[in-house]
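Here are some notes to read alongside the structure. Take them in order, with the model open beside you.

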Amino acid sequence: MEEILPELHTNISGKIRNTKLPKTKSLWPLFETISNSIHAIQDKDIANGKISINISRQGNDELLAESEKVDIYPITDIEVIDNGIGLNIENFKSFLTAESEHKIERGAKGIGRFVCLKAFKSLIFKSSFKNELTNENQIREFTFKPIDKGIFEHKVNLSSSVKTGTSVTLKNFIADYQDTCPKTLYDIGEKIIDHFLVYYLNQKAPRIDITEKINGTKIDLNSIFNTSFKAAIKASKFELYGNEFQIHLLRLYDVKKGHRIHYCGNDRVVREEKLVKYIPDLGNSIMEEANIYFTYQVYITSKFLDDNVDNERTDFDFPDNLEDTDLQNLVNDLPNLDRIRQKAILSLEDILKEYLGNVREQKYEKYSQHIIADAPQYKTLLKYKPEVVRNMNPNLSGNRLNIELYKVQSDLEIEIKELGEKILNTNSVNDLDEYKMLYDDFIEKFNDIGKANLAKYIVHRKSVIELLDKFLGVDDNDEFLTEDTIHKIFFPLKSESDEITFEQQNLWLIDERLSYHSYLSSDKSFKETKILTGSESLDRPDLLIFNESFAFVNDEAPHNSFVIVEFKRPERKDYHTRNKKKNPIDQVISYIGTIRDNTATDRKGKIIQVDKDRTPFYAYVICDFNNNLTNILDERNYTQTPDGQGYFYFHSKYNAYIEVISYAKLLKDAKARNRLLFDKLGLPSH
């Protein structure tokens with residue numbers, strides 16, 4: 001056989017340009033080189049296979065030699081030396097053939113050297129081999145570059161040694177990949193073990209060591225595997241797409257990695273992701289009895305995965321999920337990563353069921369206590385959705401926990417509504433016993449949800465009372481909050497009743513009946529309100545409420561009514577009897593006068609007759625009392641309430657009942673009215 005010409009039969013620069021290598025996969029060229037070394041050792045069929053990796057770093061050699069922390073400097077070159085069969089004629093012919101099928105049965109794609117030239121400027125080869133034609137020992141040397149025909153300075157000489165093997169130097173790390181490459185020998189070694197872990201699991205890995213070329217520091221990957229990794233504590237398998245998938249579960253005593261799931265092809269890790277995303281109860285790490293922390297590393301292997309690795313061996317040829325496929329409407333279950341992951345997670349749940357069961361039971365107890373003590377509106381979840389609560393994310397508390405419980409409660413309510421639709425649609429139920437069973441189930445759940453929604457509203461009331469109590473004190477700057485801040489608790493500013501849901505208003509703090517109004521404007525001028533026509537007044541009552549005759553007053557009442565609510569800043573002291581802006585009594589009377597002097601219309605545009613003699617007006621002034629205010633009230637003959645915390649007056653000329661309520665009285669009365677509800681739910685009412 002003639003010696004072959006040292007040239008590639010492809011456009012090498014174009015081939016490299018079309019080869020994919022993400023910047024984050026900076027060690028992939030090293031993995032490709034190690035993989036070739038492993039294959040060369042397998043071809044030689046020896047038991048003492050060895051791979052040595054030498055690391056060179058950026059910087060002055062003399063300064064690097066004196067440095068205590070060499071591994072802080074970027075890597076420039078990586079030399080990989082093996083004692084395999086070498087680049088003999090057959091292997092070199094394969095090297096010169098792009099996408100060679102020489103090692104296809106071992107998953108080789110024939111493009112590993114092109115992947116190397118994506119991250120390094122050149123590769124330097126020196127290989128000892130036995131020429132089977134001449135039975136001579138020879139040494140082949142050449143440089144591989146991403147230009148012209150690729151092979152430079154090729155030469156083959158006789159060798160005086162019978163030893164075979166190859167040295168490949170990955171030369172001049174390209175900056176974008178150099179920046180993302182791990183620097184320490186240990187980190188690099190751990191990545192290599194991760195990538196080739198299937199070889200270690202199957203006891204097929206050769207001895208591999210890594211050395212700092214500048215000072216001789218060396219680590220042995222077999223020792224790292226034996227100390228940081230343990231043999232699979234459990235193994236399992238599942239079937240999918242007519243193929244068997246194997247699961248290897250290991251403990252890693254290095255918690256910085258976190259729990260991870262690795263998808264392998266052709267004895268190598270192709271893709272990995274965080275396991276805690278799919279089994280959150282594993283947490284960040286797990287502690288053994290000896291206070292030692294570890295993480296679980298899951299490795300999935302299958303001939304299906306071997307057959308579907310992409311050319312660069314950085315991903316698989318099937319999509320992540322069905323949404324990524326073009327035939328999702330034709331086929332329900334095309335091969336995809338999501339389905340493989342789902343089956344793997346189910347297997348892992350079974351393997352770890354004892355540990356996860358204990359964790360989830362403790363979590364369920366903790367969340368149950370929270371629901372019973374602080375969130376009784378979610379008690380129905382303990383009855384109907386206990387497994388969902390058990391599988392909620394761990395370590396939730398306070399508002400974060402309540403948000404997740406709210407999501408589950410919403411799903412339950414949707415389920416019950418759908419069940420109700422099924423009950424009402426009798427055409428979908430043909431069996432009387434089945435109908436009765438569904439009906440009983442629906443009624444029970446419907447009643448429980450009604451109680452839960454009532455509980456939710458009661459808890460909301462308690463929270464609002466506590467918030468108002470807090471806001472009436474001083475803030476972090478020892479100042480009292482503005483009246484606008486207080487106003488927002490009762491009703492949003494610059495809004496109208498048509499824009500606000502029932503849950504967004506808290507007028508019940510003042511009077512339960514105020515929640516049932518026909519129209520309300522908040523912090524809007526009379527000119528802006530919908531019910532007053534022709535008014536040009538820019539005065540802005542805090543709340544202006546219109547009630548149709550059936551909506552507000554009790555018993556028989558043929559007339560519409562108006563309510564005005566005015567809030568004053570807590571602990572305000574600058575009240576003055578002769579200044580309307582500083583006199584809340586005259587202020588609300590002025591508002592009543594404006595309404596009486598203008599034409600009003602209802603929400604349908606129909607004119608409302610404001611009977612100046614019979615249309616009732618109600619006004620509430622909410623404030624803190626002081627001497628200036630009480631003097632104004634006494635001058636106008638207001639009557640003090642029996643508890644001494646409020647005043648009232650009936651203005652006969654305007655047919656207006658005016659009540660001045662202190663914040664202390666407002667809070668006390670609101671707590672008293674709701675105390676029975678709080679007690680029924682077991683909520684503290686202090």
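This is a predicted model: local features need pLDDT of at least 70, side-chain atom pairs count only at pLDDT 80 or more; totals for chains, interfaces and linings use all residues.

1. Residues are numbered from 1 along each chain as its sequence is written, and side-chain values use heavy atoms, with hydrogens and water left out.

2. How confident is the predictor? pLDDT is its confidence in each residue, from 0 to 100. The mean for the protein is 83, and 83% of the residues reach 70 or more. Go carefully over residues 326-331, where pLDDT is below 50 and the stretch has three contacts beyond near neighbours in sequence. Residues 550-558 are also below 50, and that stretch has 13 such contacts.

3. Now the overall inventory. The protein has 20 helices and 25 strands; these are DSSP runs numbered from the N terminus, with helices being H or I of at least four residues and strands E of at least two. Of its 686 residues, 49% are buried, meaning under 20% relative accessible area with a 1.4 Å probe, counting protein chains only (over 50% is exposed, and in between is partly exposed).

4. Have a look at the open sheet of eight strands, which has mixed pairing and runs β15-β16-β18-β19-β22-β25-β24-β23. Two strands pair if DSSP finds at least two bridges between them. At the edges sit β15 (495-496) and β23 (639-640), each pairing on one side only. Further in, β19 (residues 561-567) and β22 (residues 617-623) run parallel, joined by six bridges. Val563 has Tyr618 in β22 as its bridge partner.

5. For an antiparallel pair, go to β9 (residues 234-240) and β10 (residues 243-252), which share seven bridges. Lys234 stands opposite Leu249 in β10. Two residues lie between the strands of this hairpin, and Tyr241 takes a positive phi near 55°.

6. Which residues does His487 touch, leaving aside neighbours within four places in sequence? They are Leu493, Ser522, Asp523, Asp542, Leu543 and Phe567. His487 lies in helix α17 (residues 483-490) and is buried, with a relative accessible area of 1%. Its C-alpha atom is 9.4 Å from that of Arg569, which is 82 residues away along the chain.

7. How do helices α11 and α12 meet? The axes of α11 (residues 337-351) and α12 (residues 353-374) come within 5 Å and cross at roughly 80°. Axes here are lines fitted to C-alpha atoms over the stretch in contact, with angles from 0 to 180 degrees between N-to-C directions. The two helices are therefore roughly perpendicular, a label for angles of 65 to 115 degrees. Glu349, Asp350 and Ile351 of α11 make the contact with Lys353, Leu356 and Arg360 of α12.

8. Last stop: helix α5 (residues 112-119). Seven of its eight residues are buried, so α5 is largely enclosed by the rest of the structure. The buried ones are Gly112, Arg113, Phe114, Val115, Cys116, Leu117 and Ala119.

Technical notes
pLDDT is the predictor's confidence in each residue, from 0 to 100. Contact means heavy atoms within 4.5 Å. Angles under 35 degrees count as roughly parallel, over 145 as roughly antiparallel, 65 to 115 as roughly perpendicular and the rest as oblique.
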